[in-house]
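Work through the exercises below with the sequence and the 3D view at hand. Each task is followed by a solution in steps.

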Amino acid sequence: MPVSLLGAAEIRRLAAELDVTPTKKLGQNFVVDANTVRKIVQVAGVSASDRVVEIGPGLGSLTLAILETGASVVAVEIDHRLAERLPETAAAHEVPADRLTVIDDDALRVDTLPGEPTVLVANLPYNVSVPVLLHFLETFPYLRSGVVMVQAEVGERLAAPPGSKVYGAPSVKAAWYGSWRLAGTVSRQVFWPVPNVDSVLVAFDRDAEPRGTEEHRRRTFQIVDAAFQQRRKMLRQALSGVLGGTAADASARLEQAGVDPTLRGEQLTVDDYARIAAL
Ligand code: SAM
């Protein structure tokens, strides 16, 4: 029997049965539209041989759409009632038990994933989407690609090129791991409850080779944070604290890295930041 998807009525029935009232605190906006979850899975290019990790499966809408392809899923859910119920929902939709593993925990605290999944697919909780994404990319090097649904503002930031208005620390940190692109918009009407923000899909592909060691990454991120904390200032001022103490020290270091000290943080690529951090 093929895997079937969750419909709007079943989602509400499940929530009522579990006594779940969606909370803002956990970013609980459940997708009630089968076309949307199928589209996410299609954009992610998931196929039967894939091992996928999903963050925040909720009542299982997206989980079942991933499982429909024949792929296996590791799902990390912080809400105990939802985590506990998911295997039962999957079984009721004809999913063989060995294709779904549920981790009942905060995604920010998870540091191992069974089966080393290579694809990330998630409708992320909005309040923690960037920290969760960066944590997963840092902690699980076997994750090669993914598609996530996030608040439009966050998605635009993640995929922003240097020089654009929304380019910020999350854009540079995301680019440390690979390339990012916007992959579609999602109507508010597909969620229950309907959120008061727009959503987009963002896709990423990890670079073939890691950009640097863990130490190099930490130093780079420290410099990025300093540059964007004072984004209107020239780099020689914004980075004086992390590059030696004075603006003159910072200028010398920036010049050594081939970066004009009068630029602002929003004009630099991740390669520029990585070069400054390597000195
Ligand atoms: N995937 C489901 C869907 O598309 O209908 C639910 C998506 S809902 C936007 C976000 C889900 O993430 C909720 O189920 C919420 O309980 C869960 N969540 C929130 N914070 C989390 C965290 N730190 N770790 C794991 N799951 C989390």
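**Exercise 1: Packing of a helix**

In this predicted model, find the helices against which the buried residues of H8 pack.

Solution. The buried residues of H8 pack against helix H5 (129–139), helix H7 (169–177), helix H9 (235–238) and helix H11 (270–278). To locate H8 itself, go to residues 214–229, a run of 16 residues. From its first C-alpha to its last, H8 reaches 22 Å, close to the 22 Å expected at 1.5 Å a residue. Next, pick out the residues of H8 under 20% relative accessible area: His216, Arg217, Thr220, Phe221, Ile223, Val224, Ala226, Ala227 and Phe228.

**Exercise 2: Nonpolar cores**

Identify the residues with the most contacts inside the largest nonpolar core, then list what Leu113 touches.

Solution. The largest nonpolar core has 55 residues, and Leu113, Leu120 and Phe136 have the most contacts inside it. At least three of its residues come from each of domain 1 (8–206) and domain 2 (214–278). Leaving aside residues up to four places away in sequence, Leu113 touches Val53, Val74, Val76, Ile103, Phe136, Phe140 and Tyr142. A second, separate core has 43 residues, including Ala44, Leu64, Ala65 and Met149.

Methods: Residues numbered from 1 in each chain as written. Predicted model: local features only at pLDDT ≥ 70, side-chain atom pairs only at ≥ 80, totals over all residues. Heavy atoms only, no water. Core = buried A, V, L, I, M, F, W, Y, C linked by side-chain atoms within 4.5 Å. Buried < 20%, exposed > 50% of the residue type's maximum accessible area, 1.4 Å probe, protein only. Domains from an automatic or database assignment. Contact = heavy atoms within 4.5 Å. Helix = DSSP H or I, 4+ residues; strand = E, 2+ residues; numbered from the N terminus. Expected span 1.5 Å × (residues − 1).
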